[in-house]
Amino acid sequence: MNSSRLAWLALIPLLAVAACDPQRDPDSLFAPGGVDIPVIDALLVVNQPLPRILLTRTQPPDQLFSFQEAAIREADVWLTSELGDTVQYTEVISGGIYDPQIWPALIVQPETTYHITVTTDRGERITASTTTPARFSVLDWVLVAGQGNPEDRSLRTFEEIGDLVYDAPENQLVYPQGVLETRLDDTPALGFQLAIFSLDPGSDFVIDPPFFDEEDFAALERSGSSPVFGAEEGMISLPWFAIYFEGRYKYKIQSLDLNTFDLVRSTPQGGFGIGGNAGDNFELPIYHVEGGIGLFGSVAVDSVGFRVLPAP
Amino acid sequence: MSRSILLILLTAIAATATGADLTVTVVDAEDQAPIAGAELLLEREDGSERRPLATDENGRVDLAGVAAGRYLLETTARGFEPDYREFVLTENEPLVITVALTSNAFVIDELVVTSTGIDENLELQTGYVTLDAAALEAIPGVVESDPIRALQSLPGVSAASDISSGLYIRGGSPDQNLMLLDGVTVYNPTHAFGLFSTFNNDAIGGLSLFKGAYPAEYGGRLGAVLDVENRQPDPPRVRAELGVSIIAARALVEGPAGPDRWFVAGRRTYLDPMLRALRTPENPIPDYYFYDVNALYASPRLGGMTTFSIYHGRDEVGVDADVNTQFDLGWGNTVMALRHERPLGDTLDGTLSLSSSRYDSGTDAEILATAFEVDNQLHDVTLSGRLDWYPGRGHGLSLGLGGSAYDFSYSQSFNNDSSVDYDSSPSELFVFVEDRWRIDPRTALRLGLRGRYIDDGDRYLLEPRLSVTRGLSRELTFKLGAGVYNQYLQLVTTEGFSAGDFYLPIDETAELGRSFQTVVGLEWRPNWIDLASFEIYANHLDDLVVFDNTMPVNQTSFTAEDIFMTGGTGYARGAEMMLRRDFGRFTGWFGYTLGYTRRTFEDLNRGNEFAPKYDRRHDINILVSTQAGAWRLGAAFRYATGQAFTPATARLLLRDPGTGEASEFGQVLPADRNSARLLPYHRLDVSARRPIRLFGRPAEFVAEIFNLYNRRNEWFVQYETDGPVTEATVVYMLPLIPSVGVNIEF
């Protein structure tokens with residue numbers, strides 16, 4: 001066999017590949033096998049009344065999400081606790097939303113196991129359990145010296161002065177001076193999540209990076225939450241990159257039960273994921289729900305309020 | 001009478017001692033020019049004698065008094081096809097042999113000279129490939145010639161993407177490959193976030209790739225070994241080469257110093273002034289450059305060959321976007337090696353080496369007034385010695401002994417809180433023994449055993465290795481290879497962003513990853529083609545680890561079980577075929593690989609088995625090169641099954657546990673891990689080179705086109721739920737990229 005024939009033979013697979021090359025079908029980027037799965041959404045907060053529960057079904061990934069179409073109606077929902085409480089939940093008018101039928105309200109207890117059982121109108125049975133975290137205490141909310149803040153300064157708390165915290169001189173934070181540090185007691189916890197809420201809709205931006213365009217500014221939200229933080233050192237600090245606006249803020253820190261801890265740490269951040277790329281972080285989150293997916297979890301919460309002022 | 005007998009006996013002994021004279025002349029088959037420095041291995045058929053030899057400046061080897069008998073002669077020279085022949089030496093009959101070697105631009109299984117003489121891997125090793133500098137240059141590249149990227153043209157070798165130097169070899173992940181420069185580990189062999197490797201084509205003489213079942217002299221990785229060799233300078237006078245491409249300038253200077261030889265090679269990108277000119281406050285394009293320097297000094301003065309080599313390379317990227325947002329990122333390797341090789345007798349060679357390999361990377365960033373710092377460093381100092389003994393009867397024995405002291409450090413601070421401050425200084429001792437035994441002219445065996453002691457966890461490891469070769473006919477050879485491997489150092493990498501790579505030891509909180517590899521193959525060497533090979537491989541893996549993406553962001557504990565998901569299992573199985581032709585008007589190869597790779601982790605994919613992204617069902621490689629007048633033309637085509645990815649399967653409503661708010665449009669639910677495939681990958685690259693004269697000097701013009709038909713190969717899929725309908729966006733790899741360059745010699 002001479003060289004020329006060999007070279008031409010080598011071209012055959014190339015031409016075959018080019019001829020048979022499929023084009024991308026946009027639908028093939030979705031795998032709709034996960035549609036119609038029951039989703040439970042309930043978060044118990046220690047020291048607060050039993051929460052509202054949402055029951056829905058998963059929808060096709062490439063279609064408009066409709067809560068009304070997703071709602072599970074006429075489900076039989078029961079919540080029990082190891083303390084002997086038994087509470088029935090009933091659907092409220094809008095469908096898919098269930099409230100506890102108990103008066104006076106039942107307060108969620110720390111370090112207590114709660115169970116939920118849902119039987120849908122199709123006869124599916126969904127169950128889950130959560131053991132609530134222990135109450136924890138924030139020993140101090142401290143604006144640590146540095147980055148233009150001359151010395152450590154403790155913030156005033158809701159327990160001390162209620163909503164006056166927003167006007168207390170100690171709680172006036174100048175962007176981006178100092179770092180707000182939360183010092184915790186030694187109550188054991190799996191992990192913590194931070195959440196921040198801008199309470200003054202329409203307040204001005206406190207950031208002004210020249211490389212942001214209008215679309216970037218428009219995408220900034222007034223509330224947000226963090227991934228899971230550990231607290232092995234008994235301290236968690238609030239990153240300034242979570243603050244975009246001037247004005248009053250409520251800053252919440254919550255200790256997580258196992259279900260919430262696993263869900264938050266395993267959910268692709270930002271509600272989107274990258275498939276097939278390095279990192280492989282687009283992964284089915286960890287749900288602790290039998291017969292469905294979602295969250296039946298619990299948290300213990302503490303919070304503080306402050307006001308953010310623009311840099312002088 | 002007794003005196004006569006004694007006289008006869010003495011005469012007979014003298015005659016035996018006299019033997020016959022043998023002269024071997026090695027020439028270039030094309031122009032009959034003598035080849036100096038060709039390596040010969042003369043071996044008596046009964047194994048009683050084995051002599052590594054080298055031709056002199058006239059291409060000759062003269063031996064007097066060689067014992068009569070039947071001999072095997074292997075002749076090799078860089079840039080030529082090897083020659084194998086048998087002959088009979090008769091008592092008192094001088095024999096002159098002329099070996100004419102055929103030049104070859106595509107020397108794949110070229111014999112490579114190692115510290116012990118002739119590379120026996122060609123004969124013994126399955127899945128073994130070597131490429132010399134000329135062959136590497138002939139493979140079309142993208143912008144800069146790159147030896148690691150060139151390897152992607154070989155069957156069984158693929159890459160994560162067009163911009164990645166990470167190699168997937170026979171279903172293994174990049175962290176399972178041992179990357180060496182002259183035998184010293186290079187821990188992050190990438191520039192430009194993986195677009196290029198650290199290996200400068202000007203500075204390397206060639207490379208050897210063990211795709212699996214590698215021998216006992218190597219260890220520490222579960223998959224493959226790539227050993228890149230520094231250039232061996234041998235110029236009669238000082239000479240220099242300059243080269244320019246679109247993004248970088250290169251220089252090489254080499255020369256003699258008495259009997260010594262040396263070279264210095266370096267390159268640096270020059271994109272930074274252009275990037276600076278394009279930068280505005282609204283568009284803060286980062287500043288970026290990389291450089292690297294290789295140098296080697298070799299001296300035969302101390303009774304053997306003493307070599308000192310150094311590599312230093314660095315990447316720096318930075319941006320100063322505004323007063324609250326800036327970052328600086330740098331990473332690099334410094335590798336030094338001092339080696340002395342000397343004969344310790346007629347049949348004994350010794351090698352002593354001391355090496356240091358340091359890799360570090362650092363990030364100093366501030367994003368919207370939040371500071372973030374990461375620094376990591378790995379320093380490895382290794383002292384090793386090796387003896388190679390050829391006692392006869394077909395045996396070649398090697399004994400190696402050494403130790404490595406590692407120093408790992410990793411520190412991380414976020415928002416001015418130091419969450420990780422990790423330091424560890426483990427050490428490892430290793431010993432290997434190996435017997436390469438030619439049982440008969442058609443059968444060879446390599447038995448090896450590597451022992452390791454790692455003080456971290458007080459671990460003792462034994463790793464047996466085996467290779468068998470059996471000639472079934474004049475043209476057909478059967479090969480088998482097997483081995484056990486353990487991995488102590490674990491690379492944590494994001495292939496799209498290799499700048500942040502770091503290594504961690506698998507401490508006593510987790511088991512070391514283990515693999516058991518077996519390879520069976522046939523090699524056919526008919527006269528119409530150089531090689532047709534077929535191999536079947538199976539790699540079984542236990543106690544694999546994968547970086548745990550779900551750990552808390554400020555985790556302070558840094559043990560292996562905290563950082564990794566542990567206890568994974570897996571396998572890689574497949575078949576590989578290669579046809580290669582190195583002569584005639586067209587040269588090149590055709591390769592096909594069928595592969596199946598799977599992994600199982602208890603904490604991934606609900607414990608179900610999945611295909612990792614380096615699973616490739618089909619992989620086709622075609623490389624063709626030809627001379628057309630003054631032009632040397634090359635083309636490389638590659639086809640591969642699309643990479644596995646995780647598709648979106650549904651949308652769901654779930655409130656954020658932190659804010660209590662639900663996204664208006666719900667969230668995306670991922671399907672089973674890697675349960676879909678990107679479209680098949682294919683690409684054609686072409687190159688053309690021709691000698692020219694520039695400024696009165698000999699030079700070479702190089703033109704290359706990457707992705708000639710502008711195939712938009714898919715890289716990954718991104719799902720966004722900011723709108724009412726989930727948008728799936730396909731991100732593509734590199735389009736058609738033309739490049740030109742000039743190399744000039746002084």
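Visitor: How many residues of chain B are in contact with chain A?
Guide: This is a predicted model. In it, 85 residues of chain B are in contact with 94 residues of chain A.

Visitor: What area is buried between chain B and chain A?
Guide: About 7,400 Å² is buried between the two chains, and carbon and sulfur atoms give 60% of that area. The size of an interface is often given as the accessible area lost when the parts come together.

Visitor: And how many salt bridges are there between chain B and chain A?
Guide: The count is three salt bridges. One of them joins A:R24 to B:E714, with the closest N and O atoms 2.6 Å apart.

Visitor: Turning to chain A itself, how many helices and strands are there?
Guide: Chain A has five helices and 17 strands. Of its 312 residues, 51% count as buried. The accessible surface of chain A comes to about 14,100 Å², with 53% belonging to carbon and sulfur atoms.

Visitor: Which domains does the assignment give for chain A?
Guide: The assignment gives domain 1 (32-131) and domain 2 (138-270 + 299-309). Their C-alpha centres lie 29 Å apart.

Visitor: How many residues of these two domains of chain A are in contact?
Guide: Seven residues of domain 1 of chain A are in contact with six residues of domain 2 of chain A. Between them the domains bury about 460 Å², 51% of it on carbon and sulfur atoms.

Visitor: Which three residues of domain 1 of chain A supply more of that buried area than any other three?
Guide: They are A:L43, A:V45 and A:V46, which supply 57% of the area that domain 1 of chain A buries against domain 2 of chain A.

Visitor: What about salt bridges across the interface of those domains of chain A?
Guide: The rule finds zero salt bridges there.

Visitor: A change of topic: which residues form the nonpolar patch on the surface of chain B?
Guide: The patch is formed by B:Y297, B:F308, B:M336, B:L338, B:L352, B:L354, B:V381 and B:L383, with about 690 Å² of accessible area together.

Visitor: Which strands of chain B each supply at least two residues of the patch?
Guide: They are β24 (325-343), β25 (348-367) and β26 (370-392) of chain B. B:L338, for instance, lies in strand β24.

Methods
Residues are numbered from 1 along each chain as its sequence is written. Chains are lettered from A and ligands numbered from 1 in the order in which they are written. This is a predicted model: local features need pLDDT of at least 70, side-chain atom pairs count only at pLDDT 80 or more; totals for chains, interfaces and linings use all residues. Side-chain values use heavy atoms; hydrogens and water are left out. Patches are made of residues with over 30% relative accessible area and no salt bridge: like charges are joined within 9 Å, nonpolar side chains (Val, Leu, Ile, Met, Phe, Trp, Tyr) within 5 Å. Accessible areas come from the Shrake-Rupley method with a 1.4 Å probe; for residues, only the protein chains shown count as cover. A salt bridge is a side-chain nitrogen of Lys or Arg within 4 Å of a carboxyl oxygen of Asp or Glu. Helices (H or I, at least four residues) and strands (E, at least two) are DSSP runs, numbered from the N terminus. Domain bounds come from an automatic or database domain assignment. Contact means heavy atoms within 4.5 Å. Buried area is the accessible area (1.4 Å probe) that two parts lose on being put together, summed over both. Buried means under 20% relative accessible area, exposed over 50%, partly exposed in between (1.4 Å probe, protein chains only).
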